[in-house]
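Dear colleague,

Please find the structure below, together with its sequence. I would be grateful if you could read the notes that follow with the model open.

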Amino acid sequence: MLYAQISIGRFWMRVVRESANSSSRPFFSPARGAALHCGRVSLESLARRFSTPLYVYSGDAIMERLRLFQRALSGRKALVCYAVKANSALAILKLLDRGGAGFDIVSGGELERVLAAAPGAAGRAVFSGVGKTAAEIDLALKAGILEFNVESEAELALLARRARKLKVRARFALRVNPDVFADTHPYISTGLREHKFGIDIRRAPAIYRKAAANGWLEAHGVSVHIGSQIRSADPFGAAIERVTKLVRQLRREGIALQVIDAGGGLGIDYHAEFDPGAPAARSSAAGWDAAAKVQEYAAAVEKALGDFEGRLLIEPGRFLVAQAGALLARVLYVKRNGKKTFVITDAAMNDLIRPALYQAHHEIVPVRRRAGRARVVDVVGPVCESGDFFARDRKLVPVAPGDLVALLDAGAYGMAQSSNYNTRPRAAEVLVEGGKARLIRRRETTADLLAPETI
Ligand code: LLP
């Protein structure tokens, strides 16, 4: 079908693709030989204005992704609760709030961020995480969040005690562990019995029954999250099928749960070849299409939900923001050591730790292409560790000191996982909406870093 469409002609494909709003990345070169742009803004001009390393996000691309989920699930009561951990920039939270998103938070800090960016959003926030403290629970109870996704019996007992103390009822969902295998990196897989997450699904009914006797607890829903960067829709379907079965069983016993929270985890294609052609000139021949992925995911979820008539929550993080962002870095040096060539950039593992931590792949592209043959290089940062690399033995078109490169798909778990290792101030962040670029976080200074310390 896809090939038939392509053979009909390129123009027709453009129309299909644009109307689907699912071009995978918002970075492109408006003309042959021109610098990469985000929207109408050139990455070269951003680097001049704000220096490097610099995170650049497209607000339009984030909103497109949110709408893909909202449209795909429009047939039922559904709320997209953005997983704040993926990128917790206040400006991005504000943008998503305006788009009608809810939020999935995992700490008191993330709740405070949501409240700062979107004061009216507490009722659209769910609180996940295996180690909530009493102070965090209190904060969320007072804010009146939508539900607590509870990960152990001890946590449920603490929640009941805090609710009683504050004289408010606590809505909770048990986060069940469905024992479903999801093919992803072991550090970000969560749905097997051996993982620390959730409550064994077989034990859940007894816990719901016990909670029914406590007037401070309201059994509101059930939640599940099997892991992150999961490329196939099948494991999501399998997990939700088990959860739906549990909901039916509980209903027969008189415990009517109103909400199924299907978690996050839908993956993207980090390896997708970068096509610098302007968005209007791109074809979907590369084969990865965000709209199709969301459709496939939504179909699997819908099928597994069957006749469940309650509300569906989903918690996507990466899928909403990863491809909307790039980390812009400047090449400092190119050096040869024996047989190897190293491209040393001013960004490092403290700015983007995913390659070092998960052997993750990020496409690296020059902002302005030079002529010449590609060669095999390592792209590395200045941090004093051999683990400080962005790419190893990667074929890269020629780059020289002073050139700008963009590390793609860095919008999720990039800045959010950055650190000050080697006393490196964290990067600045820019949000591009339409033709306008706005600094949403200034570059840290060394004074910022030293401020909390005493001698
Ligand atoms: N909900 C819960 C309960 C989660 O633990 C997570 C992610 C999400 C939602 C969002 O998952 P997403 O849609 O973004 O896959 N730092 C790693 C990813 C860690 C994911 C942790 N939990 C990375 O850079 O790949």
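In these notes a polar contact is a pair of N or O atoms within 3.5 Å; within protein, one atom must be able to donate a hydrogen and the other to accept it, and residues adjacent in sequence count only if both atoms are side-chain atoms. The model is predicted, so to speak of local features a pLDDT of at least 70 is needed, side-chain atom pairs count only at pLDDT 80 or more, and totals for chains, interfaces and linings use all residues. Residues are numbered from 1 along each chain as its sequence is written, and side-chain values use heavy atoms, with hydrogens and water left out.

Glu315 and Asn149

The side chains of Glu315 and Asn149 make a polar contact at 3.3 Å. Glu315 is found in the loop between β13 (311-314) and α12 (318-321); helices (H or I, at least four residues) and strands (E, at least two) are DSSP runs, numbered from the N terminus. Glu315 is buried yet has no salt bridge, and Lys85, the nearest side chain of opposite charge, is 6.1 Å away. Here buried means under 20% relative accessible area, exposed over 50%, and partly exposed in between (1.4 Å probe, protein chains only). A salt bridge is a side-chain nitrogen of Lys or Arg within 4 Å of a carboxyl oxygen of Asp or Glu. For charge, Lys and Arg count as positive and Asp and Glu as negative, while His and the chain ends are not counted. Leaving out residues up to four places away in sequence, Glu315 touches Cys81, Ala83, Asp104, Val126, Ser128, Asn149, Asp261, Gly263 and Gly264, where contact means heavy atoms within 4.5 Å.

Asn149 lies in strand β8 (residues 147-150) and is buried, at 1% relative accessibility. A further polar contact joins the side chain of Asn149 to that of Ser128 (3.3 Å). The C-alpha atoms of Asn149 and His220 are separated by 9.7 Å, the two residues being 71 apart along the chain.

The ligand

There are 19 residues around the ligand, of which Ser228, Glu315, Arg354, Tyr358 and Tyr413 come nearest; a residue is near a molecule if one of its heavy atoms lies within 4 Å of it. A polar side-chain atom of Arg354 lies 2.6 Å from an oxygen atom of the ligand. An N or O atom in the side chain of Tyr358 is 2.7 Å from a nitrogen atom of the ligand, and one in the side chain of Tyr413 is 2.6 Å from an oxygen atom of the ligand. On its own the ligand has 590 Å² of accessible area, and the protein covers 92% of this (Shrake-Rupley method with a 1.4 Å probe; for residues, only the protein chains shown count as cover).

A cis peptide bond joins Thr52 and Pro53, with omega about -5°. Pro53 is found in the loop between α3 (43-50) and β4 (54-58). The side chain of Thr52 makes a polar contact with that of Asp346 (2.5 Å), and Asp346 also touches Pro53. Asp346 lies in the loop between β15 (340-345) and α13 (354-358). Asp346 is buried without a salt bridge; Arg330, the nearest side chain of opposite charge, is 5.6 Å away.

Salt bridges and backbone

The count comes to 23 salt bridges. One of them joins Asp409 and Arg25, with the closest N and O atoms 2.9 Å apart. Asp409 lies in the loop between β19 and β20 and Arg25 in the loop between α2 (10-20) and β1 (27-28), so the pair ties together parts that are 384 residues apart in sequence. Both partners are buried, Asp409 with a relative accessible area of 0% and Arg25 at 3%. Asp409 also has a positive phi of about 60° although it is not a glycine. Gln229, likewise not a glycine, has a positive phi near 55° and is buried at 13%.

Asp393 forms a salt bridge with Lys340 (2.9 Å between the closest N and O atoms). This pair links strand β18 (residues 389-396), which holds Asp393, to strand β15, which holds Lys340, 53 residues apart. Asp393 is exposed at 52%, whereas Lys340 is partly exposed at 29%. Salt bridges that share partners also join Arg98, Glu433 and Arg438 into one network.

With kind regards
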